[in-house]
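Read the following with the coordinates open.

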Amino acid sequence: MTTTAIPPEARHAPAAASKRRPKREREGAAWVFLSPWVLGAIVLTLLPMAVSLYLSFTDYDLFNPPKWVGLRNYVQMFTEDPRYWRSVVTTLTYVVIAVPLQLALALVVALALKGMKRGKGFYRSAFYAPSLLGASMSIALVWRAVFNDGGTVDNLLGTGGWVNRPGWALLAVALLTVWQFGAPMVIFLAGLQQIPAELYEAAAVDGAGKWRQFLSVTVPMLSPVLFFNLVLQTIQAFQVFTPAFAVSAGKGGPADSTLVYTMYLYDRGFVASHMGYASAMAWVLLLVIGIVTAVLFRTSRSWVFYASEGDR
Amino acid sequence: MTSTTVAHKPVRWGRVALHVGCLLALLVMLYPLAWLLATSLKPADEVIASLDLLPGHLEWSNYETALAGVNDVSIWRLLGNSLLIAGGAVLGNVISCSLAAYAFARLRFRFRGPLFAFMIATIMLPHHAVLIPQYIIFNQLGLVNTYWPLILPKFLATEAFFVFLIVQFMRGLPRELEEAARIDGCGPFRSFFQVVLPLTRPALITTAIFTFIWTWNDFFTQLIYLFDPDKFTLTLALRSFVDASSTSAFGPMFALSVIALLPIVLFFLAFQRFLVEGMASSGVKG
């Protein structure tokens, strides 16, 4: 920044003379700090992505060298594999059920806690707890038992065990995700607290009721946080694995109704040793998540409001 | 409630309703945890038969069975394996992510903008896109069925979420401190270790706790990399109960579940403030 102000001859002066370390040395220091990350990005991210792209065009079983088969994995996936489509539909259904429900609940609870004077900290922590515990195998096993024949849900609702019924088992998995609404709730709550109180006061002076204030102040001011939660939770939901694995005893049943995408990928790659096919699946997942994220970003222009935009 | 000011104020029914609603919601939400604890203490014949949360009599033998181990592997071994992996991950993430974060937050270098954008993009990268080739690489190196694939990546700052978290935190620190340090003759390394790092402690603690809990809970990576029962973690040992549908295994299974959950619960109770605030600040501060 300031280097432009220094006359050319001074710029070439020895470092000691100017009391300023040469730029190159500081740049070198930056790369030293960055080196683990750079190594990881190349060896554990970029290289694997390239390898998996290559493998997706091959037959590979881990033991024999990969055999080039062109687009066959993709063709087979899209035209000859009903279980693949089953897993796609299952995952999309799961995402569409779990993400909106989870975010809606997170928002409602955050709004309820927002103005609270006493007990807010307690509720915030208590509602957040499932977000940490819920990802564990322990809770996934509890879920299976509670939603099984003779489990609590069966006893309370008389619906029989959800876990054994196609169509209901996936709902049980989705509810485990919804149960973990604490993480987006905490983010909503932090976002709500950053909305200046004057905005509400001004709206009230203009005669806006609670509902009008919610629509005209809260929603636009909260939209960046809503967007952040939406993108993050959607990306995570596409990758759901542990609860589906536990609820279906590792098989994706009943009738493949909980065979989510990553479980089928695991099945093809690590159980059936079709690493090429699994790589093709991984690349389609990458593309789909990329497209969904891009679409969310694009539509966000019309509904996400950045307060700082006026400053730019 | 008994204070004198209450007498002058009308009871705010809205507020009361709010608390009642929140408490009811909490009751429903915490039910699975209560169920887990209760079932871990129930004798086999009571597990399915009754809706009662409280066991007829406490069946401590479930815990004895769980503590005796799974698949002939002692529980201490499983616990030790879990701790080793989680501990290694914590160390790796705290070191590598704080180094990368300092460069992104405070140093200037060529391609900083594009590299930062790339780092952010990897937060969104699905794990499965790199998983198979990573597995193949570790397989070629003969490291499958060891702990290296679970620990080594953490030393290479592959969890960009934490790099981002620490960057956000470091950007909030006053620059004057480093400038003062520089005038006193500190190079970037000394000012990192002696000025910035101590101030970054809250973000580092958040990183450490989240890494511990996420690694402890992780199932997928452990499932594909570890085969030998004596290398299993608690999570993987629980997996052997996944197929079991006989209710006789229920008590010990949930006793082991409680044991596996205990460290997370303790961490949560001890550090809830850091956890909740760490989560909040990751999303909000621009």
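Predicted model: local features only at pLDDT ≥ 70, side-chain atom pairs only at ≥ 80, totals over all residues.

Residues are numbered from 1 along each chain as its sequence is written, chains are lettered from A and ligands numbered from 1 in the order in which they are written, and side-chain values use heavy atoms, with hydrogens and water left out.

The record comes first. In an unreviewed entry, UniProt lists "transmembrane region" for chain A at residues 29–57, 92–113, 125–147, 167–192, 213–232 and 275–297. UniProt positions are given in the numbering used here, feature names are shortened, and annotations may be inferred rather than shown by experiment. Residues 29–57 of chain A are 93% helix and 0% strand, with 41 Å between the end C-alpha atoms. Here helices (H or I, at least four residues) and strands (E, at least two) are DSSP runs, numbered from the N terminus. For residues 92–113 of chain A the figures are 100% helix, 0% strand and 31 Å between the end C-alpha atoms. The feature "domain: ABC transmembrane type-1" is placed by UniProt, again in an unreviewed entry, at residues 88–296 of chain A. That span is 75% helix and 0% strand, and its end C-alpha atoms lie 19 Å apart.

For chain B, the UniProt feature "transmembrane region" (unreviewed entry) covers residues 16–38, 83–104, 116–138, 150–170, 191–216 and 249–271. Residues 83–104 of chain B are 100% helix and 0% strand, with end C-alpha atoms 31 Å apart. Residues 191–216 of chain B are 96% helix and 0% strand, and there the end C-alpha atoms are 33 Å apart.

Next, helix packing. In chain A, the axes of helix H11 (residues 197–205) and helix H12 (residues 210–238) come within 10 Å and cross at roughly 155°. Axes are lines fitted to C-alpha atoms, for helices over the stretch in contact, and angles run from 0 to 180 degrees between N-to-C directions. H11(A) and H12(A) are therefore roughly antiparallel to each other; angles under 35 degrees count as roughly parallel, over 145 as roughly antiparallel, 65 to 115 as roughly perpendicular and the rest as oblique. On the H11(A) side A:Leu199, A:Tyr200, A:Ala203 and A:Ala204 meet A:Gln213, A:Val217, A:Thr218 and A:Met221 of H12(A), where contact means heavy atoms within 4.5 Å. By class, this contact of H11(A) with H12(A) has six nonpolar, two polar and no charged residues. Ala, Val, Leu, Ile, Met, Phe, Trp, Tyr, Cys and Pro count as nonpolar, Asp, Glu, Lys and Arg as charged, and the others, Gly among them, as polar.

In chain B, the axes of helix H5 (residues 75–106) and H9(B) come within 8 Å and cross at roughly 50°. H5(B) and H9(B) are therefore oblique to each other. The residues of their contact divide into eleven nonpolar, two polar and two charged.

How many of the eleven residues of helix H9 (residues 169–179) of chain A are buried? Nine are, so H9(A) is largely enclosed by the rest of the structure; buried means under 20% relative accessible area, exposed over 50%, partly exposed in between (1.4 Å probe, protein chains only). Among the buried residues of H9(A) are A:Leu170, A:Val173 and A:Trp179. The buried residues of H9(A) pack against helix H5 (82–114), helix H6 (120–133), helix H7 (137–146) and helix H13 (242–247) of chain A, together with helix H2 (13–39) of chain B.

A:Thr90 sits in helix H5 of chain A and is buried at 2% relative accessibility. Leaving aside neighbours within four places in sequence, A:Thr90 is in contact with A:Leu170, A:Asp256, A:Ser257, A:Thr258, A:Leu259 and A:Val260.

B:Ser257 belongs to helix H15 (residues 250–284) of chain B and is buried, with a relative accessible area of 0%. Beyond four places in sequence, B:Ser257 is in contact with A:Ser138, A:Leu141, B:Leu36 and B:Leu238.

Two backbone angles remain. Most residues other than glycine have a negative phi. A:Leu62, not a glycine, has a positive phi of about 80°; A:Leu62 lies in the loop between strand S1 (58–59) and strand S2 (67–68) of chain A. Phi of B:Ala157 is near 50°, also a positive value, and B:Ala157 is buried, with a relative accessible area of 2%.
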